[in-house]
Structures are given as structure tokens and as C-alpha cells.
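I opened this entry to look up the core, the strand pairing and the aromatic rings. Notes follow in the order I made them.

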Amino acid sequence: MKSLVAWMLASWLSLIWCLPVYAAGSCRVTTSGLAFGAFPAPNPANVDSTATLTVTCRGNPSASTPFTIALSQGNGGSFNPRTMASGTYSLDYNLYSDATYSTIWGDGTSGTSQVSGTIPPGPPNGSNTLNFTVYGRIPGNQNLAAGSYSDAITITISY
């Protein structure tokens, strides 16, 4: 099983991730970025946003390539909640694999789930691409200090 590790999640009350990386010359992951924008505190409503995570693999002409995508806990050291920090202050948030915000996207531990996919067979010099939606949520009713909040998330693709 090969593993690809890449992804930074940064924020100043917005989340942005990137870092396209090829694993063993076969696959790469990119993201569109997840921006929450300003979070007025205290805010009784949840603040939601989405981003696209794209997996591109060079074609294997004879077989499909199944894979799983795991997301780390981030710097806060917990999946539920994940936290962004601004100095000594923190802001709870989380990342989900479903539009109902009920399945925390993690590494398969602590009640989280990984996301699976399969790259279909393709030409040796071509590539296949699959897109996945990442659903982000900052829960409402958080009273926090003004500041630039950030976190770092690692994406691991195993295939």
C-alpha cells in the first residue's frame, strides 16, 4: 500500500488548503480551498462552507485503483472538535464527508470515517480524476477574541 501525505489547512478565519503532490509519480491531490470568511462572535448560527478535493492518478491500463482518503486531527489534537488557534485563543470547527454534517472526515478512528474511491483503468500516459466535496462547519454560539485563526490538516491517500 502506498501513501501520499499532503495538505495544509490555514486560516485567518478562513480555511485554505493546497499542496499538490505526486505519490510515487502516480497520484496527486489538490484542493480548491475552504473559506469561512469572518465569524462574528457571538454568532448563534453555524457557519458552513465547502471545498473540492481532487484526486488525479495516472492511468493503469489493466486495473482500477481503489484508494482511501484520511484527514488528520489538525493541531488541536482532536477530531471532535477540531480547533483553529489564534495565539492562546481557539475556535472549534470540523470537516465532514457529507452534506448533512453527520460524518466527520478523519482517519477511521474516534468515530470518524475515511472516504473511499476508485480510479478506473486508463491509458498509461493519461490520467483519471475524481472530485470529493469537503464540508466545513464552525458551530454557532462561540464567543471568541478577534484574530487570525489557523490549523494544519494532513491528507493521506492510501492506494
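I call a residue buried when its relative accessible area is under 20%. Tyr 135 comes out at 18%, so I log Tyr 135 as buried. The model is a predicted one.

**Core**

I went to the largest nonpolar core, which holds 29 residues. Which members touch the most others? They are Leu 53 and Ile 69. I then listed the strands that each supply at least two residues of this core: strand 5 (27–31), strand 6 (47–58), strand 7 (65–71), strand 9 (89–96), strand 10 (115–119), strand 11 (127–138) and strand 12 (155–158). Strand 6 gives the largest share, 5 residues.

I looked up the contacts of Leu 53, leaving out residues up to four places away in sequence.

**Strand 7**

Why do I note strand 7 as largely enclosed by the rest of the structure? Of its 7 residues, 5 are buried, so that description holds. I checked its partners next. Strand 10 pairs with strand 7 in the antiparallel sense, over 5 bridges. In that pairing I found Thr 65 opposite Ile 119. Strand 12 also pairs with strand 7 in the antiparallel sense, over 4 bridges. Here Ala 70 stands opposite Thr 156.

**Aromatic rings**

How many aromatic pairs are there? I count 3. One of them joins Phe 67 and Phe 132: the ring centres are 6.0 Å apart and the planes stand at 85°, so I log an edge-to-face pair. Phe 67 sits in strand 7 and Phe 132 in strand 11, 65 residues apart, and the pair links these distant parts of the chain. I find both Phe 67 and Phe 132 buried.

I took Tyr 101 and Tyr 135 next. Their ring centres lie 5.9 Å apart with planes at 80°, so this pair is edge-to-face. Tyr 101 is in the loop between strand 9 and strand 10, and Tyr 135 is in strand 11, so the pair ties together parts 34 residues apart in sequence. Tyr 101 is buried, at 15% relative accessible area. Ring pairs link Tyr 96, Tyr 101 and Tyr 135 into a cluster.

Definitions and conventions
Residues numbered from 1 in each chain as written. Predicted model: local features only at pLDDT ≥ 70, side-chain atom pairs only at ≥ 80, totals over all residues. Heavy atoms only, no water. Core = buried A, V, L, I, M, F, W, Y, C linked by side-chain atoms within 4.5 Å. Buried < 20%, exposed > 50% of the residue type's maximum accessible area, 1.4 Å probe, protein only. Contact = heavy atoms within 4.5 Å. Pairing = 2+ DSSP bridges. Phe/Tyr/Trp six-rings, centres within 6.5 Å; stacked < 30°, edge-to-face > 60°.
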